[in-house]
Amino acid sequence: MLLGLPFWILGWLTPVGTPTTTALTPPPPRHLVELFTSQGCSSCPPADAVLGQLAQTDPSVLALSFHVDYWDYIGWRDPFGLPQATARQQAYGRRFGLTSIYTPQAVVAGRQELVGSNGARLAQLVRSLPAPTASLRTAQVTAAGGTLTVAYTLAAEARYQASVALVQRSASVAVKRGENTGRTLSHRNVVRSWVEGQPLSGSAGLVLPTGLPASEVFVALWLTDPATGQVVAAWPLEVTP
């Protein structure tokens, strides 16, 4: 008989096997900084270092490294190079009215571009950004069978589109050919794959690269205004244990 028992005893009487749910507070929005880089480019390692420092020291920023593939022709194939990253950079080049794309190039919130190794200018541009105008209501990342499933709900203007990326936290690669022959290059927040044009509420699946455990990755979620290409907010999401 339960009547008369103190409330603290009643708390012990939850039936065995009853599921419990822990409400996780979604992270606050950040500014997205993208670095277009390549292991085949001798000018890129300083920019990689700048991005790594920014990722570690500025909590207002989600800093991501997009490796392009157009340097592969000189003799070293960047293992992280993606045609999709090259296409993304080309789209930025058209938007910014550039005559050609280059590495290392940083893009700040889809608004401005600069040489990625210019850390002082990069920090200045980040400080000048307006506060993000969207919020993340719910988000969960689960791993099963080599796939990450990302479920999310965003509060934002209806015209915005979401992108979801699988990001490797860090990597170190010994380069054996090309402009960086003999160097061991370190990278941080390497985008391995992503999907874009997603709705404000839904789910997406991301396949883990072979040999890369879920413990070594996180998910990046960002919102873009398709009319302007500007990224209005971004969030890092951890995989649920």
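User: Which residues of H2 are buried, and which elements do the buried residues of H2 pack against?

Analyst: In this predicted model, the buried residues of H2 are Cys44, Pro45, Ala47, Asp48, Val50, Leu51, Gly52 and Leu54. These buried residues pack against strand S1 (31-37), strand S2 (61-67), helix H4 (119-127) and strand S8 (184-198).

User: What distance separates the end C-alpha atoms of helix H2 (residues 44-57)?

Analyst: Helix H2 has 14 residues, and at 1.5 Å a residue it should therefore span 20 Å. The separation in the model agrees with that expectation, the end C-alpha atoms being apart by 20 Å.

User: Is Arg88, which forms a salt bridge with Glu196, buried or exposed?

Analyst: The closest N and O atoms of Glu196 and Arg88 are 3.5 Å apart, and the pair links strand S8 with helix H3 (residues 83-96), distant parts of the chain that lie 108 residues apart. Glu196 has 43% relative accessibility, so it counts as partly exposed. Arg88 has 13% relative accessibility, and because buried means under 20%, Arg88 counts as buried.

User: How many residues apart in sequence are the parts tied together by Arg159 and Asp225?

Analyst: The side chains of Arg159 and Asp225 meet in a salt bridge, with 3.1 Å from N to O. Arg159 lies in the loop between strand S6 (147-155) and strand S7 (161-174), while Asp225 lies in the loop between strand S10 (217-224) and strand S11 (231-237), so the parts that the pair ties together are apart in sequence by 66 residues.

Definitions and conventions. Residues numbered from 1 in each chain as written. Predicted model: local features only at pLDDT ≥ 70, side-chain atom pairs only at ≥ 80, totals over all residues. Heavy atoms only, no water. Helix = DSSP H or I, 4+ residues; strand = E, 2+ residues; numbered from the N terminus. Expected span 1.5 Å × (residues − 1). Buried < 20%, exposed > 50% of the residue type's maximum accessible area, 1.4 Å probe, protein only. Contact = heavy atoms within 4.5 Å. Salt bridge = Lys/Arg side-chain N within 4 Å of Asp/Glu carboxyl O.
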